Structure formats: structure tokens, C-alpha cells
Amino acid sequence: MTGGARPRLLRDADPVVRVLYGVLAGPLTAGDVAALAPRDWDRLVLAAEREKATIVLARALAPHVAAAGAPVPVGATTLARLALVTEFRMLQLEARLEQSVAALRAAGIPCLLLKGAALAATYYGSCTARPMLDIDLVVPRDAVGRAYRTLVADAGWRETRSAAVDDPGALALHHCPPLRDASGVEVNCEVHAELLAPGQSFTLDAAAVWAEARPLDGRLAGAWVPSATHLVLHACIHFAWQHMMRSASWRTFRDIATVTQARFDWDAFVVEARDAKAATACWWTLRLGEGLAGLAVPRDVMRALAP
């Protein structure tokens, strides 16, 4: 992300942290890899799996492991195998995404891709380049029940539990219960009425995101994706509030860096963050991203968002 000196929080960090976040901040060094003890490898594999970083990390580490001239650590082999499993699952998820959008399109239901699905369809180019746990789709609130049934009937999903999806007011959260891939592969799909759950203080609603969204074409025709500003804003809120900054940091920082690396309107982002009452959530996310992953955020932006 930066190509320069290591971010401040990485300089004296634990070896696992240096490798996990160092791969975002710049090329890993032989010293980074050599510092990993056998127990560190086990911890690194666990962290990479949790953060959906196995593919990126396995590819970044492979040259260093091969050049070390020593037996390949068990953890490196485990990481490589997990990366292959993740790649298979993401290929299945990508097929399900395309099938789901096609089914909704045939039913006349527009959908807005969120988080990983939106990023994979745009900035990363594939789901293997941007792994995720599930597919998140926003549909108009009055179409939630119809969309849910369409995905079960025509897009290869099965219900995990019964849901009162025909009554929008019966949704306990901002999305229906997850749908599971009917073929048995461990991937899910969530049909959303809103981006954020009720009871939180942010004012980012689906209507505002739809208003600035752009349509996709090709195999994903009928789907829309949020603007760059809303992608970053939602990522910050999701990390700081829903994950409480305890997980998803690696992929959040990577996503923000990917979206903001070219022609990103930081001034518009500050306005949107303030309007959504999310300035503090954004500041903490970006500040941690600077310190751990080398995020490049203009100083005036950080000053404008600071608590």
C-alpha cells in the first residue's frame, strides 16, 4: 500500500502480526518469514483463515518458503491447502452469485450487492481475488419475500430455518435468515432490506445508497453496486460497529486501500461520514489501517473526522 517504511504499529509487533499485515503494507521480507516459529505458523494459519486471507498470504509467502533452503514448515503447507479449499469455495460462491442475480433479474427484482460481493464484482474482478463468507444482497423492502423465495426456487439455495419473509415488518434484523448452498458447499446468501441493523445510531440507509449506486452488466446485469464513497463508508461502519474492531480488520483495510488507491473523492467521503453520524467510526478504522496496514489517508481527512 505504501511501498515505504513499515507502518508504526508493525515495527515492534508480534511476528504473526508483522506477516499478516505486512503483506498489505508492502512486500514481505525473508526476515519476516524467518521470524516465524512453529507455534507462530499455527497462529498465522488461524488468523489467515479467520480474516479470509489464506489465498493472498499463501501466494505472498510461497517464494520465501521455497527460497529458505530448509524443510517447509507444516504451517506453510497447511496454509497452501486452505488456500486451495478457499479458492474452490469462492468459485462455487461466484457461480451462485451469478445464478442468484440471474434469477432475481428474471423475476424483475433489482438487487444491490454489498461488501465482498460488490468489491469482487468491481475492484477485484473475482471472488477468488476477494474471498468472503457469504453473499449479501439488498432488495426493495416490499420485494424481500419474493426475492427470498426466488433464490430458494431458482438459484440453488436452501433455507436454514423458516422465516416470516412475506411480512417485511416481521424481519427481526435487517436481513432474512441466511440461505445455504443447496449442493452442500459451505457458502451462504443473505437477503437484506437494509444495510445496517435496527438500533444503531448511524443514518446510512438503503435508499441513500441506491440513489448513488451504479448498474453492472454482463453476467451480473440486474445487479447494482454502491458508489466508491459508500463502499468505504459501509466498510468502516461495519468494522467499527458490527465487528467492534475485534475482527475483519485485515480485509477491511485491504478493501479500503483497493477502493481509495485511485481517484477517490476524500472530500465527499468526509461529508458522507458526517451526514451518516459515522465520523468517529471512520476515524478509528482509518487510523488503525494507517498504523497496521499502511493506509494512505490525507492528513486533512483525518483531522476532519477526528473525535
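A: What follows goes through a helix, a pocket and a strand residue of this predicted model.

Q: Which residues of helix α6 are buried?
A: Burial is read from relative accessible area, with under 20% as the cut-off. In α6, which spans residues 115-124, the buried residues are G116, A117, A118, L119, A120 and Y124.

Q: What covers the buried residues of α6?
A: The cover includes the helices α5 (74-106), α9 (228-242) and α10 (249-260), along with the strands β1 (111-113), β2 (134-138) and β7 (223-225).

Q: How much space lies in the largest pocket, and which residues are closest to its centre?
A: The largest pocket holds about 530 Å³. Its lining counts 31 residues, and K115, R130, H238, H243 and R251 are the closest to the centre. Elements giving two or more residues to this lining are α6, β2, β5 (188-192), α9 and α10. The largest share, seven residues, is from α9.

Q: What is the lining made of by class?
A: It has 13 nonpolar, nine polar and nine charged residues.

Q: Why does D136 count as buried?
A: D136, a residue of strand β2, counts as buried because its relative accessibility is 2%, and the cut-off is under 20%.

Q: Which side chain makes a polar contact with the side chain of D136?
A: The partner is K115, at 3.5 Å. Beyond its neighbours within four places in sequence, D136 is in contact with L112, L113, L114, K115, E190 and H192.

Terms used
Residues numbered from 1 in each chain as written. Predicted model: local features only at pLDDT ≥ 70, side-chain atom pairs only at ≥ 80, totals over all residues. Heavy atoms only, no water. Buried < 20%, exposed > 50% of the residue type's maximum accessible area, 1.4 Å probe, protein only. Helix = DSSP H or I, 4+ residues; strand = E, 2+ residues; numbered from the N terminus. Contact = heavy atoms within 4.5 Å. 1 Å grid on protein atoms, 1.4 Å probe; cavity = no way out; pocket = protein on both sides within 12 Å on 5 of 7 lines; lining within 4 Å. Points joined across faces, edges and corners; volume = space filled by probe spheres on them. Nonpolar A, V, L, I, M, F, W, Y, C, P; charged D, E, K, R; others polar. Polar contact = N/O pair within 3.5 Å; in protein donor to acceptor, adjacent residues only side chain to side chain.
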